[in-house]
Amino acid sequence: MTQSEGARVVTMFDAQGNNVGTFTPPRVKDKGHIPMYVAVNPVTGQVWVTDRLASQVYVYSANGAYVRTFSPAVSKTWQPLGIAIDATGNVYITDVSGPTQKLLVFDPSGTLVRTIMGKDAMSFPNGVAVDAQGRIAVADSNNGRLLFFDGQGHQLNGVNRGVGNGDLGLPRGVAWDQDGRIYVVDTTNHALNLYRIADDGTTINFLGTVGQQGIGDGMFMYPNGVAVDQHGRVYITDRVNNRLQVWSF
């Protein structure tokens, strides 16, 4: 779990919630750190962390030891934010620098293979997730949209901002589970929305919402990130309440 305030490190917990390690970034001259999103490489087991303030992506071993800095041939002023790694080791990173914000796709060697911008300009794209078929989900946060792309970067259908069932306010974290459900943290609605892409590949079915604004169990105050494990447990960072909530489907 990333800490964007205070120590500004990544903290690792076991299944019982015990703190079992800290991922500390290397020192960067004239810059601080704000770790944002985390992804585990399913090929190597290494943990990748985006650091927007340092304009870096750091790679750690599974036990939290710093391994290297991912330094692709892109602008030095890029601002990596959301990150996902697919089953073959390809890396997907949202870049919120400059007027043209985008999703960058790298192969396992770090070579940029694709830039995805969508039909309309993205605004502060946050979470990104990839399913077993190579479909990509991106939280186009400030536009209030969830965008879907195929593996070649062609935009499919999506979910828009609104006040109806399944509409979004300020989407941030995104996760895809093994059963094809898509989980989207809606920060300003203090909730988690669930969707599924229909068999036609374009229709997005809204499955429901969990959570509401508050400080009690099962309630959120500006949640931000989401992850799903192989046992169907859903982990949601409840940002203003300074906690991590665990749900099961």
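Me: Where in the chain is Tyr222 found?

Reply: In this predicted model, Tyr222 is found in the loop between strand 18 (204-210) and strand 19 (223-228).

Me: Why is Tyr222 called partly exposed?

Reply: The relative accessible area of Tyr222 is 32%. Buried means under 20% and exposed means over 50%, with partly exposed in between. Tyr222 is therefore partly exposed.

Me: Where is Ser55 found, and how do you know whether Ser55 is buried or exposed?

Reply: Ser55 is found in the loop between strand 4 (47-51) and strand 5. Its relative accessible area is 9%. Because buried means under 20%, Ser55 counts as buried.

Me: What makes a group of residues a nonpolar core, and which residues have the most contacts inside the largest one?

Reply: Such a core is a set of buried nonpolar residues joined through side-chain atoms within 4.5 Å. The largest nonpolar core has 16 residues, and those with the most contacts inside it are Trp48, Val57, Phe70, Ile83, Val91, Ile93 and Phe106. Two or more residues each are given to this core by strand 3 (35-40), strand 5 (56-60), strand 7 (80-85), strand 8 (91-95) and strand 9 (102-106). Strand 7 provides the largest share, three residues. Apart from this core lies another, of 14 residues, among them Ala129, Tyr195, Ile197 and Ile204.

Me: Which residues does Val57 touch?

Reply: Leaving aside residues up to four places away in sequence, Val57 touches Trp48, Val49, Thr50, Arg68, Thr69, Phe70, Trp78, Pro80, Ile83 and Ile93.

Me: Why is the pairing of Lys102 and Asp95 called a salt bridge?

Reply: The side chains of Lys102 and Asp95 meet at 3.4 Å, N to O. A salt bridge requires a side-chain nitrogen of Lys or Arg within 4 Å of a carboxyl oxygen of Asp or Glu. The pair is therefore a salt bridge, because 3.4 Å falls within 4 Å. A search of the whole structure finds nine salt bridges.

Me: How do you know whether Lys102 and Asp95 are buried or exposed?

Reply: Lys102 has a relative accessible area of 18%, and Asp95 has 3% relative accessibility. Both values are under 20%, so Lys102 is buried and Asp95 is buried.

Me: Where is Asp95 found, and what does its side chain reach?

Reply: Asp95 is found in strand 8. Its side chain reaches the backbone nitrogen of Gln79 at 2.9 Å. Not counting residues up to four places away in sequence, Asp95 touches Trp78, Gln79, Pro80, Gln101, Lys102 and Leu104.

Me: What makes Asp177 and Arg181 a salt bridge?

Reply: The closest N and O atoms of Asp177 and Arg181 are 2.9 Å apart. Because the cut-off is 4 Å, Asp177 and Arg181 form a salt bridge. The side chain of Arg181 also meets that of Asp179 in a salt bridge, at 3.3 Å, N to O. Elsewhere, salt bridges that share partners join Asp120, Asp140 and Arg145 into one network.

Me: Why is Asp177 called buried?

Reply: Asp177 has 11% relative accessibility. Buried means under 20%, so Asp177 counts as buried. Arg181, at 11% relative accessibility, counts as buried too.

Me: How do you know that Asp238 and Asn241 make a polar contact?

Reply: The side chains of Asp238 and Asn241 are joined at 2.8 Å. A polar contact is a pair of N or O atoms within 3.5 Å, one able to donate a hydrogen and the other to accept it. The pair is therefore a polar contact.

Me: Where does Asp238 lie, and is Asp238 buried or exposed?

Reply: Asp238 lies in strand 20 (residues 233-238). With a relative accessible area of 0%, under the 20% limit, Asp238 is buried. Beyond residues up to four places away in sequence, Asp238 touches Met219, Phe220, Met221, Pro223, Arg243 and Gln245.

Definitions and conventions
Residues are numbered from 1 along each chain as its sequence is written. This is a predicted model: local features need pLDDT of at least 70, side-chain atom pairs count only at pLDDT 80 or more; totals for chains, interfaces and linings use all residues. Side-chain values use heavy atoms; hydrogens and water are left out. Buried means under 20% relative accessible area, exposed over 50%, partly exposed in between (1.4 Å probe, protein chains only). Helices (H or I, at least four residues) and strands (E, at least two) are DSSP runs, numbered from the N terminus. Contact means heavy atoms within 4.5 Å.
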